[in-house]
Amino acid sequence: MAPGDTTMLVASVLPADFAELGRQVQEIEKAGIERIQWDVMDGVFVPNLTFGPDVIRSCRDRAGIGFEAHLMVADPDPLLPLWIDAGCEIVIVHAETCRHLHRTLGRIRELGARSGVALNPATPLQAVEHVLDLTDLLLVMTVNPGFGGQAYLSGMEPKIAAARAEIDRRGLDVELEVDGGIGPDTIGAAARAGARVFCTGSALFRGPGTMADRAAAMRAAARGGIA
């Protein structure tokens, strides 16, 4: 993150070449990205399968930047220690899948990680208002989870704005992240709505110039949205 910059980029590795995953993790760090998001999908909560903790662990020593696990799984609780042991400093669960969300978020912190909670597009902000004091990160999905490369849902911007207002009103130290369809053409609107952490996949891995060039273009667009 550049001095004075209030935005943070998180790289989703879904579009990566999995045969070159270790090298691409290193490329992400060299491009100046602050964190990597591991999109963990179980084929039940979302219609896709991705990777388990062993894959994440195998990449942990390839880069010094942070790892976050985004658990798009039907029952995250039994396996929480695995993602933390694999090297994820942040574990994000979905409000839609946790029977006892307070307990799950507390357990993540007990295990030594930062806790995050995600909201699908159809899930209202009210679903997490009473646990914001137990979480370190709120992730507003700007696509329906399951696949990379989907179009950004601009209808989520009022939810982002409401989340920013609630976090600020209560003086909470909660990162507000968005994920889905984030690229140079959409990141400014998400930033204007109040997001400060931006998970990007396809736009980071594909496009003109180098990955560092594409990251710089997105940072500039985000700053333009805030200004």
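Let's start just after helix H1, where Gly32 takes a positive phi of about 85°. When I say helix, I mean a DSSP run of H or I with at least four residues, while a strand is an E run of at least two, and both are numbered from the N terminus. Please keep in mind that this is a predicted model, so local features need pLDDT of at least 70 and side-chain atom pairs count only at pLDDT 80 or more, while totals for chains, interfaces and linings use all residues. Residues are numbered from 1 along each chain as its sequence is written, and side-chain values use heavy atoms, with hydrogens and water left out.

Now step back into H1 itself. Which residues of H1 are buried? They are Leu21, Gly22, Gln24, Val25 and Ile28. Buried means under 20% relative accessible area, exposed means over 50%, and partly exposed is in between, with a 1.4 Å probe and protein chains only. Looking down the axis of H1, you find these buried residues within an arc of 165°, so they line one face of the helix. That arc is taken from the directions from the helix axis to the C-beta atoms. The buried residues of H1 pack against E1, E2, H2, helix H7 (202-205) and helix H8 (211-226); contact here means heavy atoms within 4.5 Å.

Next, the sheet. Eight strands form a closed barrel with parallel pairing, in the order E1-E2-E3-E4-E5-E6-E7-E8. Neighbouring strands of this sheet are turned by 25° against each other on average, direction ignored. For such angles, axes are lines fitted to C-alpha atoms, for helices over the stretch in contact, and the values run from 0 to 180 degrees between N-to-C directions. On the sheet packs helix H4 (residues 101-110), which touches strand E4 (90-94) and strand E5 (114-119), and the direction of H4 makes about 145° with that of E5.

Let's zoom in on E3, residues 66-72, which pairs with E2 in the parallel sense over 7 bridges. Two strands count as paired if DSSP finds at least two bridges between them. How many of the residues of E3 are buried? The answer is 7 of its 7. Gly66, Glu68, His70 and Met72 point one way from E3, whereas Phe67, Ala69 and Leu71 point the other way.

The structure holds 3 aromatic pairs. Rings of Phe, Tyr and Trp (its six-membered ring) pair if their centres lie within 6.5 Å; planes under 30 degrees apart are stacked, over 60 edge-to-face, and the rest tilted. Phe18 and Phe51 have ring centres 5.6 Å apart and planes at 50°, so this pair is tilted. It links distant parts of the chain, 33 residues apart: Phe18 is in the loop between strand E1 (8-12) and helix H1 (21-30), and Phe51 in the loop between strand E2 (35-41) and helix H2 (53-59). Phe18 is partly exposed at 43% relative accessible area, whereas Phe51 is buried at 8%.

Phe51 also pairs with Trp38: their centres are 5.3 Å apart and their planes at 80°, so that pair is edge-to-face. Ring pairs join Phe18, Trp38, Phe51 and Phe67 into a cluster.
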